[in-house]
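Hi,

Here is the structure I promised to pass on. Have a look at it first, and then read on for what turned up.

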Amino acid sequence: MGFLKTAAAFLVAVFILRAALGAMFQAPGAAGPALVEAFALDWAGFGTLVGLFWLPGLFLAYPLGLVARRLGDRRGVLLGILLLILGAVVSTSADQVALLVAGRLLMGLGTLLVILLLTKMVQDRFIGRDLFPAMAVYVLGWPLGIAAAQAALPGFVPDHGWQFPYQVAAFAAGIAFIAVALARGPEPRALPVSASTSSALTQAEFRRMCLAGACWALVNGAYMVLVSFAPPMLMARGLGLAEANFATSLISWSNMLAVPAGAWLARRAGVAGPMTISASLLAMLAALALPIADVSWAPFLGLLHGFCYALPITVFSALAAEAVAPERRARGLGVYFVWFYAGCTGCPAFAGWLRDMTGSATAPVFFAVAALGVALALYVWFRRDLAQPRAC
């Protein structure tokens with residue numbers, strides 16, 4: 001019972017922090033056209049601004065993975081939250097694009113610390129079949145924060161300005177700081193590592209971390225492109241601002257049911273693989289229909305895509321824990337997050353570039369479908385590689 005109580009307190013703090021992180025990421029999307037107009041951005045510039053949230057991790061994830069054990073998990077996470085808040089404050093005071101970019105990069109640095117070290121904390125404390133429900137809590141806060149920001153905040157922007165989503169996100173991050181600071185335990189369940197233990201990744205571990213990281217990057221990249229570019233696409237097809245944001249927010253709200261359901265199914269022997277493949281294919285079909293079907297179907301298609309997308313999300317998120325031995329997890333996560341941040345930085349920017357080059361509001365949505373398809377292929381490759389540990 002003691003472990004369950006401390007585990008519950010820890011997971012509540014994880015959930016709050018991940019929700020705040022989702023709100024922080026979605027701040028530019030929630031500000032939407034008002035932000036684009038205020039800074040005279042084109043859609044490539046808007047997509048780049050969204051992607052800058054991940055840019056610091058592209059260069060710093062691996063070095064941070066090397067020193068993570070010396071930094072300390074909780075201390076590093078708290079420092080990351082402070083950087084998130086600082087980035088939001090800088091953004092709200094911006095009167096030129098350079099300051100807006102600087103604030104986003106500060107958020108990105110804070111995000112790097114939070115995600116890398118929080119992932120390590122969860123995977124160190126929950127092992128085996130317990131990892132799936134723990135990762136469900138870890139994953140679930142993120143779409144909740146995005147959905148809440150997408151659904152609630154745009155309506156306040158006309159009266160309170162494009163800064164309002166950033167201000168709300170900063171407040172949420174402050175609540176998360178308090179929650180993480182107060183939550184104690186559970187203690188890591190992995191065995192302590194002696195100084196003499198080799199921390200170098202094996203060739204197989206390095207390869208699997210690359211596969212896992214690239215897969216997770218594209219899974220998240222597809223999601224970020226959809227929640228950022230689906231509203232203007234739906235508006236171009238005739239929906240109003242509120243209706244477009246509502247339909248898009250259903251992609252995230254449906255995660256509330258799908259993530260825990262998927263985690264429960266993943267614990268059952270032989271279910272995780274078939275569920276991941278079938279649900280991902282259905283998610284791709286629903287997203288593909290979004291710019292094609294009659295616009296009145298947008299809420300249903302958003303709901304269907306979000307549910308099918310999120311059903312296997314804990315399986316995707318747990319790949320890193322399977323790829324490397326616990327004593328080399330911090331170093332392995334450094335490799336993993338280089339791929340993750342490359343995808344998360346590049347996908348929104350590339351989607352925005354596609355939007356400008358083609359002149360089509362639907363192009364980013366088709367790109368998101370393709371990204372999810374490649375992610376599924378990488379997942380299958382990872383599973384085959386794990387089943388043949390001696391393969392080069």
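Leaving aside residues up to four places away in sequence, Gln26 is in contact with Ile146, Ala149, Gln150 and Val227. Gln26 itself belongs to helix α1, which spans residues 2-38. Its relative accessibility is 1%, under the 20% cut-off, so Gln26 counts as buried.

Please keep in mind that this is a predicted model. The protein chain has a mean pLDDT of 86, with 93% of its residues at 70 or more. The stretch to treat separately is residues 191-197, where pLDDT stays under 50. For that stretch the model has three contacts beyond four places in sequence.

The structure holds four cavities of 30 Å³ or more, and the largest cavity has a volume of about 80 Å³. Which residues line the largest cavity? They are Arg18, Val139, Trp142, Pro143, Trp216, Asn220, Tyr223, Asn255, Val259, Tyr309, Ala310 and Ile313. Two or more of these lining residues come from each of α6 (131-152), α9 (203-236), α11 (255-266) and α13 (298-310).

Best wishes

Technical notes. Residues are numbered from 1 along each chain as its sequence is written. This is a predicted model: local features need pLDDT of at least 70, side-chain atom pairs count only at pLDDT 80 or more; totals for chains, interfaces and linings use all residues. Side-chain values use heavy atoms; hydrogens and water are left out. Helices (H or I, at least four residues) and strands (E, at least two) are DSSP runs, numbered from the N terminus. Buried means under 20% relative accessible area, exposed over 50%, partly exposed in between (1.4 Å probe, protein chains only). Contact means heavy atoms within 4.5 Å. pLDDT is the predictor's confidence in each residue, from 0 to 100. On a 1 Å grid over the protein atoms alone, a cavity is a set of points where a 1.4 Å probe fits but cannot get out, and a pocket is an open set with protein on both sides within 12 Å along at least five of seven lines; lining residues have an atom within 4 Å of a point. Grid points are joined across faces, edges and corners, and a volume is the space filled by probe spheres set on the points.
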